[in-house]
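Open the model in your viewer and show it as a cartoon. The stops below say what to select and what is there.

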Amino acid sequence: MAYPGQTHSLILLRNGILIDGTGRDPYAGEILISGDRIASIERQHQVPDAHVIDCSDQIIAPGFIDIHSHSDLQVLANDRAKTNQGVTTEVVGNCGFSPYPFRDRTALHNFANGILCGEGAWGWERARDYLDDVQRRATLVNVLSLVGHGTLRVAANNDIDRMEGFLHECLSDGSAGLSTGLMYAPGSSAPREELVKLLRVVARYGKTHATHMRSYSHDLLESIEEQLDLARESCCRLQISHLQTVGRGNWDKQDRALEMIEEARHKGIDVEFDSYPYLAGSTVLTQLLPQQALENGLSALLALLKNHEERKRIEDETVKAMAQQWSDIFISSVGSQQDRSLIGKTIHEVAQERGQSGIGAALDLLIEENAQVNILSFNQSETNLRKLLSHPLCSIISDGFYVKGRPHPRLYGTFPCLLGEIVREKRWLNLAQAIHKVTDKPARRFDMTHRGRLQAGYAADLVVFDPQRIAARATYEDPAIGPVGITAVFRNGKQIT
């Protein structure tokens, strides 16, 4: 096997089993790489001057594509969490937050730091500036970026006409579409007319709207209907992000949710969804609060929490809206050193230690940590997860993001978990189906040309792995561990792992 970073004019991957990304059954073959492209795929090549890599007993597949990532800043640092899983392309800027455009850096950080794990003076005034930086500095993955609706609202101070102007500029500069985060302030207060106006712009550019909907729990069906209505009105392609049904009392809603999406698709709405292969999700603790409390930023939220009457209102509204139990919610990150001993504990455990209610402990923790708290939350059932991952409209994603503490294991293990636990052990999908959901299918969804398939002329983004060994080692208790069973990863013809 060649070493990472090694380059040759011709590379021949020999004796492997090919899974081409289209869903076609595996077949024996050889792949010849020339420069950054797949030159040819044959049963057997005769190329005496090629550097040969023996792939006996290995699968050769297209590089994996993660269409829901929050690595906007980390791709510039060439962090290897995704590369080590076989990911060669990421779509960033999800859930309503992108690192551009900004007019007030402090205001943007106030809303987006928890999602983007930002430190220092990050931010780009235009999409073009960010994308140019990515082109120069990101050497491990290809990057597509959505522009975040929440970021647009901050930049435009909620002025719809200015938002529309910024959106035109971003899409012209090369953004892949628009993401909304309607459970997060400041996007949560957006009126329908604002969303329709922006989505019509996205539709004119032929790009995608990826949405973190208003609810995945009590109001799941209403949230899906809202998104289908917006897609119908705007004629915009719709990608429902990380679809799931949160909370035991809501689990029976998922079948109807899938029916609604299927019916809309049958009627001509271009809608699909994505999901990650884990029962738990990950987000910021402030997401559990009524989002109007965050409309003026984190400093204003903290002032409300220190006001007795306002705090009581926030407590009551939070408890009323919750679909999980406090014992389902684990602390994964805090902003300071003083509470780091709480990482890995549930809110219920913290409340017991402090002699408080769950909501009381949660709000006090936000005050102590200047609202910089991330959580893991066990949300859904295994039966529902299987239905999602095996559904023909589902692409499979990581939704991984970085935290200053204990991240979700999906950041380090999503794709090996899919191919090991989900495919080999549980047999929810076969290998060709699973690889289709992380290669050709997401590539077509975001109009990625010449990526996502093993095909002559396509980019030489490839992953070689042992189907009997591939597995995630990352766990909830010890998440920052890389996988096993991946032999080599090529991005644009260059071996990077």
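How many bridges join strand 6 to strand 7 (residues 87–92)? The count is 3, and the two strands run parallel. This is a predicted model, in which local features need pLDDT of at least 70 and side-chain atom pairs count only at pLDDT 80 or more, while totals for chains, interfaces and linings use all residues. Residues are numbered from 1 along each chain as its sequence is written, and side-chain values use heavy atoms, with hydrogens and water left out.

Stay on this sheet and select I65, which stands opposite T89 in strand 7. Strands here are DSSP runs of E of at least two residues, helices are runs of H or I of at least four, and both are numbered from the N terminus; two strands pair if DSSP finds at least two bridges between them. The sheet is open, with 3 strands in the order 6-7-8 and parallel pairing. Its edge strands, each pairing on one side only, are strand 6 (64–66) and strand 8 (142–145).

Now select L302, in helix 8 (residues 298–305). L302 is buried, with a relative accessible area of 10% (buried means under 20%, exposed over 50%, partly exposed in between, with a 1.4 Å probe and protein chains only). Beyond its neighbours within four places in sequence, L302 is in contact (heavy atoms within 4.5 Å) with L366, I367, N370 and A371. The C-alpha atoms of L302 and N370 are separated by 7.2 Å, at 68 residues apart along the chain.

Then turn to the largest pocket, which holds about 820 Å³ of space. A pocket is an open set of points on a 1 Å grid over the protein atoms alone, where a 1.4 Å probe fits, with protein on both sides within 12 Å along at least five of seven lines; lining residues have an atom within 4 Å of a point. Of the 40 lining residues, the closest to the centre are M183, R214, S217, Q287 and L288. Helix 9 gives the most to this lining, with 4 residues.

Finish at the second largest pocket, with a volume of about 340 Å³. Among its 16 lining residues, Q135, N142, V143, L144 and R451 lie nearest the centre.

How values were computed
Points joined across faces, edges and corners; volume = space filled by probe spheres on them.
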